[in-house]
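Look at the model below. Then read on for a short tour of a sheet and a pair of domains.

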Amino acid sequence: MAGSKTGSLIGIDVGGTFTDCVLIDSKGKSIVEKTFTTPEDPSKGVMNGLEKFAANSGLTITDFLSGVVRIVHGTTITTNAVLTARGAKTGFLTTDGFRDVLLMRRGVREEQFNSKYAPPTPLVPRNLTYTVAERVDCEGRQIVPMDSSGALDAIRKLKRRGVESIAVSFLFSFLNPIHEQEMAALLKEEFPEAYVSLSTQVLPQLRAYERHSTTALNAYVSPILARYLDHLTARLQSAGFRGRLLIMQSNGGVMAPEMAARFGCRTLLSGPAGGPVAGIFCGQRASYKDLITMDMGGTSFDVSFIKNGEVSFTTQGSVGGHAMAFPVLDIRTVGAGGGSIAWVDEGGVLHVGPASAGADPGPICYGRGGIEPTVTDADLVLGYLGAEDFLGGKFRLDFEAAQKGIEERIAKPLGIEIARAAEGIGRLVNSTMADAIRLVSIGEGYDPRQCVLVVAGGAGAVHAAAIARELEIRTLLIPREASVFCAAGMLLSDLKHDYVRTLSGELANLSQKMVQDLYLDMEAEALATLSEEGMQAGDVILSYAVDLKYVGQFHEVTIPFASLSENFAELQKSFEAQHKRLYGYNLLGQSIEALHWRLTAIGRTERPSDFGRLPSKSQDKVPRQRSREVIFDGQKVIADVYEGCQLNSRAMVQGPAIVEEPTTTVVVPPQCTLRVNDFGDYELSL
Amino acid sequence: MSPIHDPISVAVISNRLTAITKEMGQIMLLTSRSPIFSESRDFVTAIFDAQGQLVAQTSYIPVLLGAVPFALKAIMNRFNMEDLHRGDVVIANDPYQGNSHLPDVTIARPVFYERRLTFWAVTKGHQADLGGSGVAGYNPLAKSVWEEGLRLPPVKVYANGEYQQDIWDLILLNVKSRDLVEGDLHCQIGATARGEEALIELLDRHGQVTAEEAIQSYLEATEKKMAAAINAIPDGYYSGERGLDNDGIEMDRQPTIRVDLTINGEKLTFDFSRSDPQTRGFVNSPFANTASVCFQSLFACIGATIPINAGSLRLISIVAPEGSIVHCRQPAPTTASTLLTCAAITDAIWIALSQAIPAQSQSGWGRRCAPMTAGFNPRTRRPFVCTHHNCKGGSGATEGFDGWSHTGPVSNMGGSRATDPEIFELAYPYTLLQYEFAPDTGGAGKWRGGMGAIIRWRVETSDVQCVTVGSGMLEATRAFGLLGAKPGSLPTMQVISADGTKRELRVNAFHTIHEGDTFEIVSQGGGGFGEPLERDPEQILRDVVDGVVSAKRAFAEYGVVIVGPEDDSTINVEATRSERARRNSAKTKTVTLVK
């Protein structure tokens, strides 16, 4: 098994603007590099990052890569394919009479008062959707056998029309896969070169639309991902890489490239998935278990909840308006970030966002042609950002232009001073982010005041203290790698695969033997996959859960259980307790129905245990670098400014103060104390 | 423009108030026991100030957006200030005291701050059952509101925080699904408790004076935005007229809504004086419902970005004479007002608006035309109630955009989810045989109406009660097209017995259903927008290749000649050009003759 003792580990997260790279060497020392993302061929940006690492260590790329044992790669190539409607040309085969379930999207139009927009571009147009006579009923009985000649006819049409990929999803196939299997056999014979995605392999669970959509997404993106990974693997190999390449998934785990090529849909929401993993790691080593992670970048703000070291999952994900029901980390996103644009409406009311200046042209102060004032411009005017200190001083910000923009577009129309306008922009965006956290915490049934706020993203540490104050959160944790948080998280991720089988019925009447058979089947699949990925059986951890609901209810609650010999009466108790916690009531003793039986298989990868640990020497006196004028609550104060690299573990800084890190800035308001913990992470107490 | 005194507080506080209504909604979505809240999202959450002005709201389905102010006003009229205390929770559903129809129950909680009534936290939502003798609450034979279910005047279900056992006993004894209703009422009450908690936090944080000033400034600023939007509509007098197929009792008379819309600067008046008198059957609209539909129809055309609060609503006047179908007098029955009459009022208003602002108006949406069924499911050994929300019609087209398929009814504007086909079979004693778009149902136009759907299911038990609730089956009620476009298709609704005999089902009537019967419904497409001959032939080719418009229809409606098999068709460019030229010149001639 790959491990840090034998060589270096690298995490590479390809984002919209930057490709973030984190290297941890065999001694646990970490180095961070950012390169520009190269959208036409993202592997170029990846190689650029690796070359930078090589150059920094004075090695050739071949020598450098020969010492790397593992590269974990996060890519948004599948997400972008969906958002830009540039996936593989895909056909869809489904049950006769039900041609449009995929296109109907359950009849929802998301913006009810807006009549001027079109539905999302279909993954599969209606003309590439063919139906085949076949039917399984809601108890799994075959009531119409599959019409093989009709199926062949449909396959030939799809072949003639030049599709590259085919999704197959029949009604109730998760209860009886026979027709999907027959179809797969026909496809293999008639059209062996097609990429085939079966719903019974991708997501064998209830709800036709969600299953169809997840299967179609898988067919739509997997060929794209497979081509990219082939290309990247070839480049890495020819550059001398002999270690293991792993791909980040949306469930917070990693998988081998071969699995990723089959199940591309599992990477669709993987962009922010490293964040909670890194949050758990940093939280746990600082002895915090209940966390809220926030990641504030240029255009979006991501939130996730971690209770007792566990992230919540959701099966209600969506990508570009298409349902994605594969379990993913429950990360909520709102459109608020450093680039969010401030504007005044015709009634004289101030707004921030949802429009963003993005990276191009960016905020006014970037001097790249932006003319609309943004949150970053306000941060500069308030002194939170230093014009000379941004990105380690490599990029000078234009203070005067930012000030002028806020004056003309915000302060004058509102009839207030520039500083007040800038502060207003900050307060407004902070309250929007606090509202997003409140909404998630209500959904989870938790009180945010009991949690530690883990802060990430380039703009996160500038705003975090103010957000925490609004939520009455007392403690913040700001990892040193905050700006490349997701890439760091990837290095901490285990191999992880989720499986589901459906066996529905009242819990009291289900045969324990049938449930055990389902799990034997899933376990065999899990162990085979993990062993292909280089895992020994002893390093595999299996965990079990089942979706339960009261009979007649429409929403299930996922209840974990410890072992296959678990008594169903115990499950009933856990369900009732969880139902009460989430929804405020339960119906003691009423019948409970089981639906989806889930297995999660984790193959532990070795963690860089000393990752980030700093030499623990006490530091009584922290050298103050300089100071600048900063505005807090309408008051101008002089804040000390420190360089992050000067702060060793156990250093303490009293607010008002600013700590400059190469890729982020930590704002310490008056009366707050910043402390560096043993691992080099900042802890801020309000 | 006179600047606002404290613009930052105004922005922060108004954002927070809307966020609070969303947090209340989140509680509703999570704690609801029936799928009416969690799946159909048939509820609204709102905050009012001490004077009863609507300050912020989130309407999860549009038709409820404007109904709450009237319900709260009735509640405030009922109780003197000194009769209201912290911990009180008031319930009400009476259509003749500010509500729309009996299933929509208002729950209002007065919020006190420093012993003074400062806010109201309110929710209104559709309860699964409020008694009565219909199916899923719908009874087309009811001739009075008393036959439709339990009427609740404003009464306290909690007083000073004390659970009012007597009132609860009284309510729950009168409903069939006791567990469901008890749970969902608590869900609504829980949402107002979250509202109270969050509002007190807000007042603690900002101070009462700042908060109250900020709210008034915000309402004034919203009024300005609304004034600007109304000002942009050309001054004038516009009118529209649209009807319903029947009222359930007089089956041959079409109740008709007539609206005269006057725009005068920043004042807008909907005058319904010429509308029909109230009817005997269940399609009467109480004033609160009529007002709500006016707001909904208007905001759908001009107000996608304008907040809905007392500031924006105060510029809209509504004239609806008492005793008319849009302002019925007690004891007229009202259950179908939100589902059916809503559509007719919306259509009349959009026809009127299309004369003023054609580019922003919308064509008619496919009307609701489907059964409600209930009975006993032998497979699950449980009773069931099914509202058949999967029989959605297409939405109307608008300038620049085709309508959305299978999205209606217009009262929900796409806000409610259709039941998943697999859940449908698991929950109900039905086998679904077909559920897909119905070709050639969308009205032809430069922008095409959305498609209706064909839905067929076989009944697998003998114990099913069925009532149909719908309209749109007549020329005068179908989804209309605008600016030269065609209307949406006429819907069909029939039952085919096991022996093959077919029965057409009339709308708004009870029907007998047997085991082995197959329902077949083809829902209505949306109306088109603009001249069909102007539709881009490439778009028509795409529709033909997709199988949603037939080649025959492409020629008949659009003058486009398409040749070849469906999935491999091409346009005969030359034949199309000459056919369209021929029709255009024929049309010019007709116009000249008329002149």
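## The sheet in chain B

Five strands of chain B form an open sheet in the order 14-15-20-17-18, with antiparallel pairing. Strands here are DSSP runs (E, at least two residues), helices are H or I runs of at least four, and both are numbered from the N terminus. Two strands pair if DSSP finds at least two bridges between them.

Strand 14 (430-437) and strand 18 (502-504) of chain B stand at the edges; each has a single partner strand, so one side of each has no neighbour in the sheet. From one strand to the next, the twist averages 15°. Such angles run from 0 to 180 degrees between N-to-C directions, with axes as lines fitted to C-alpha atoms (for helices, over the stretch in contact).

Strand 15 (residues 453-459) and strand 20 (residues 518-522) of chain B run antiparallel and are joined by five bridges. Within strand 20 of chain B, F519(B) stands opposite W457(B).

## Domains of chain A

Chain A is assigned domain 1 (4-81 + 226-267), domain 2 (82-225), domain 3 (289-474), domain 4 (495-603) and domain 5 (626-680). These bounds come from an automatic or database domain assignment.

The C-alpha centres of domain 3 and domain 5 of chain A lie 20 Å apart. In chain A, 14 residues of domain 3 are in contact with 16 residues of domain 5. Contact means that C-beta atoms, placed from the backbone, lie within 7 Å. On the domain 3 side, helix 14 of chain A gives the most, with three residues.

## About the model

This is a predicted model: local features need pLDDT of at least 70, side-chain atom pairs count only at pLDDT 80 or more, and totals for chains, interfaces and linings use all residues. Residues are numbered from 1 along each chain as its sequence is written, while chains are lettered from A and ligands numbered from 1 in the order in which they are written.

Key
Two residues are in contact if their C-beta atoms, placed from the backbone, lie within 7 Å.
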